[in-house]
Amino acid sequence: MTLNNTTTIAAIATPPGMGAIAVIRLSGSKAIEITDKLFRPVKKKKSLLEQAPYTIHYGSIMDGNREVDQVLVSLFKAPHSYTGEDVVEISCHGSVVIQQQLLELFVRNGAQLAQPGEFTLRAFMNGKIDLSQAEAIADLIASTNETARRVALNQMRGGISNKLAELRNELLKFTALVELELDFSEEDVEFADRTELTNLISTIIAEIDKLSATFSQGNAIKSGIPVTIAGKPNVGKSTLLNRLLNEEKAIVSEIAGTTRDTIEDTIHLGGINFRFIDTAGIRHTTDTIESIGIERAYNKIEKARIVLYLTDALCTANEVIEELNEFTKRITSSQKLIVLVNKEDKSTQNHVDELTSVLNQKGYNALAISAKAGHNIDALQQMLIDLGKIDIPENVDVIVTNVRHYNALIQARESLTQVIDGLKANISGDLLAVDIYQALDYLGEITGEISNDEVLGYIFSKFCIGK
Ligand code: GDP
């Protein structure tokens with residue numbers, strides 16, 4: 001994605017469809033001029049070009065002699081605007097026809113239709129925000145739960161950027177000293193104190209580790225807590241998945257304008273998103289543990305934070321315990337397990353009660369349900385909410401939610417480890433500098449100091465049009 005700074009772009013900034021009001025946004029050097037050509041103020045005083053910035057004007061947008069709508073026009077002047085350019089926001093009545101006609105009119109008068117994310121791309125190119133802040137804006141818009149909102153807002157204010165800027169600056173100071181040594185290479189001098197450099201790099205690695213460690217939480221906040229449903233064939237896994245997703249569907253479809261399609265296989269409970277992983281395997285009943293191979297089934301279990309293990313209420317306590325003894329060997333202590341005694345409707349109440357109580361005594365988090373009849377699904381949902389709560393400790397101020405940032409941190413760490421190894425081996429300054437530069441590049445990728453068109457194109461294409 002390349003930026004053509006000379007154009008003035010326009011887009012509808014509010015969601016598609018009818019609303020009470022809609023906002024059309026223009027950005028670029030001709031934003032005010034184009035609007036002025038079409039705007040007839042109610043009280044004819046000055047043209048928009050003569051008006052002070054950060055003011056709002058009431059009037060009509062005219063297509064020749066035809067009044068299209070009565071609007072409010074807000075003016076922002078470069079560089080103090082979202083994009084850093086002249087920006088005009090036109091609040092019109094939210095009819096779809098009005099929105100379309102106004103946008104067409106602006107395009108006919110010299111504006112170009114904005115690409116997805118182009119306003120934010122301009123903000124980035126004009127140095128109003130860095131790349132991680134731009135990404136945070138997209139996350140903020142897409143946030144569907146309170147924690148995701150809070151974390152995105154912190155990042156938008158520069159959370160991770162500030163942290164990285166500190167680390168990078170320290171490292172840059174040393175690079176300058178190492179560079180200086182290269183200038184005096186014949187004289188065998190050392191400006192960069194090797195012990196200090198080792199200490200600094202160890203500190204940076206520790207900081208990187210602290211940041212990377214937040215990623216599993218961060219990713220869960222942003223993309224949902226990964227949950228998997230496991231158990232023998234025919235125990236009711238797909239029935240349960242459909243039950244959970246359908247209950248969600250019923251709730252979601254009550255909220256106007258939302259559809260299930262966009263949040264496929266994710267449910268939203270008590271302010272937390274749960275993402276069922278690899279559900280295709282669950283949906284197709286032939287794709288059971290036997291047929292896909294034990295290893296593949298366990299691979300998917302590995303990715304889950306919460307594992308729902310289904311057993312059959314017709315089994316004896318011993319059978320279930322034996323099954324669980326085998327299964328639990330394959331999960332880690334950080335994974336949370338819920339044992340579900342399914343098909344309770346097919347068994348006697350006594351047997352089900354006994355089975356669940358034996359399991360609870362053994363320390364399992366057990367619950368009897370009927371996926372088919374929908375019994376105790378609300379209790380299961382409550383268990384998910386209790387286990388899925390993510391508490392961000394007070395002392396953690398920055399959470400890594402973005403996989404791109406996470407990968408860059410891992411790569412920076414690798415380069416820094418090589419610097420440490422190099423220092424131990426007493427290698428020359430020019431070789432050290434190569435790895436330090438590499439680490440600086442990786443850290444710079446996060447904030448966009450180092451970026452390429454492909455990465456930018458990818459990031460900004462994820463935005464909605466008008467942002
Ligand atoms: P999977 O192979 O584990 O995904 O199992 P399925 O969800 O395909 O279910 C296997 C069979 O068990 C189907 O015929 C379901 O209707 C049935 N089933 C699932 N849950 C229950 C339940 O709670 N009670 C009863 N009676 N049947 C169930």
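Guide: Helices (H or I, at least four residues) and strands (E, at least two) are DSSP runs, numbered from the N terminus. Two strands pair if DSSP finds at least two bridges between them. Now the ground rules. This is a predicted model, where local features need pLDDT of at least 70 and side-chain atom pairs count only at pLDDT 80 or more, while totals for chains, interfaces and linings use all residues. Residues are numbered from 1 along each chain as its sequence is written, and side-chain values use heavy atoms, with hydrogens and water left out.

Visitor: How many bridges join strand 4 to strand 5?

Guide: Eight, and the two strands run antiparallel.

Visitor: Which strand pairs with strand 3?

Guide: Strand 4 (residues 56-63) does, with strand 3 (residues 39-41). They are antiparallel, over three bridges. Look for F39: I61 in strand 4 stands opposite.

Visitor: How do I read strand side chains?

Guide: In a regular strand, side chains alternate between the two faces of the sheet. Then check burial. Buried means under 20% relative accessible area, exposed over 50%, and partly exposed in between (1.4 Å probe, protein chains only).

Visitor: Is S74 buried or exposed?

Guide: S74 is buried, at 15% relative accessible area. S74 sits in strand 5 (residues 66-76). For contacts, count heavy atoms within 4.5 Å. Not counting residues up to four places away in sequence, S74 touches T55, I56, V87, V88 and E89. L72 is also in strand 5, but L72 counts as partly exposed, at 39% relative accessibility.

Visitor: Which residues form a nonpolar patch on the surface?

Guide: Patches use residues with over 30% relative accessible area and no salt bridge; like charges are joined within 9 Å, nonpolar side chains (Val, Leu, Ile, Met, Phe, Trp, Tyr) within 5 Å. Areas come from the Shrake-Rupley method with a 1.4 Å probe; for residues, only the protein chains shown count as cover. Here the patch is V42, I56, Y58 and L72, with about 400 Å² of accessible area together.

Visitor: Now a helix. Which residues of helix 5 are buried?

Guide: In helix 5 (residues 146-156) they are T147, A148, V151, A152 and Q155. They lie on the same side of helix 5, because they cover an arc of only 125° around the axis. That arc is taken from the directions from the helix axis to the C-beta atoms. Their cover includes helix 4 (131-142), helix 6 (159-183), helix 8 (215-223) and helix 16 (403-424). Just after helix 5, G158 takes a positive phi of about 110°.

Visitor: What is D139 in contact with?

Guide: Leave aside neighbours within four places in sequence. Then D139 contacts A152, K222 and T401. D139 is in helix 4 and is buried, with a relative accessible area of 15%.

Visitor: How many salt bridges are there?

Guide: A salt bridge is a side-chain nitrogen of Lys or Arg within 4 Å of a carboxyl oxygen of Asp or Glu. A search of the whole structure finds 15. Take D63 and R108, whose side chains meet at 3.5 Å, N to O. D63 lies in strand 4 and R108 in helix 2 (residues 96-108), so this pair ties together parts 45 residues apart in sequence. D63 is partly exposed at 25%; R108 is exposed at 56%.

Visitor: Which residue forms a salt bridge with R168?

Guide: E449 does, with the closest N and O atoms 2.3 Å apart. R168 is in helix 6 and E449 in the loop between helix 17 (429-447) and helix 18 (453-461), so the pair ties together parts 281 residues apart in sequence. R168 is buried, at 10% relative accessible area, whereas E449 counts as exposed at 53%. Salt bridges can also share partners: they join D63, R66 and R108 into one network.

Visitor: Last, backbone angles. Which peptide bond is cis?

Guide: The one from A78 to P79, with omega near 0°. P79 is in the loop between strand 5 and strand 6 (87-93). Also check phi. K343 has a positive value near 65°, in a residue other than glycine. K343 is in the loop between strand 12 (336-342) and helix 14 (349-361).
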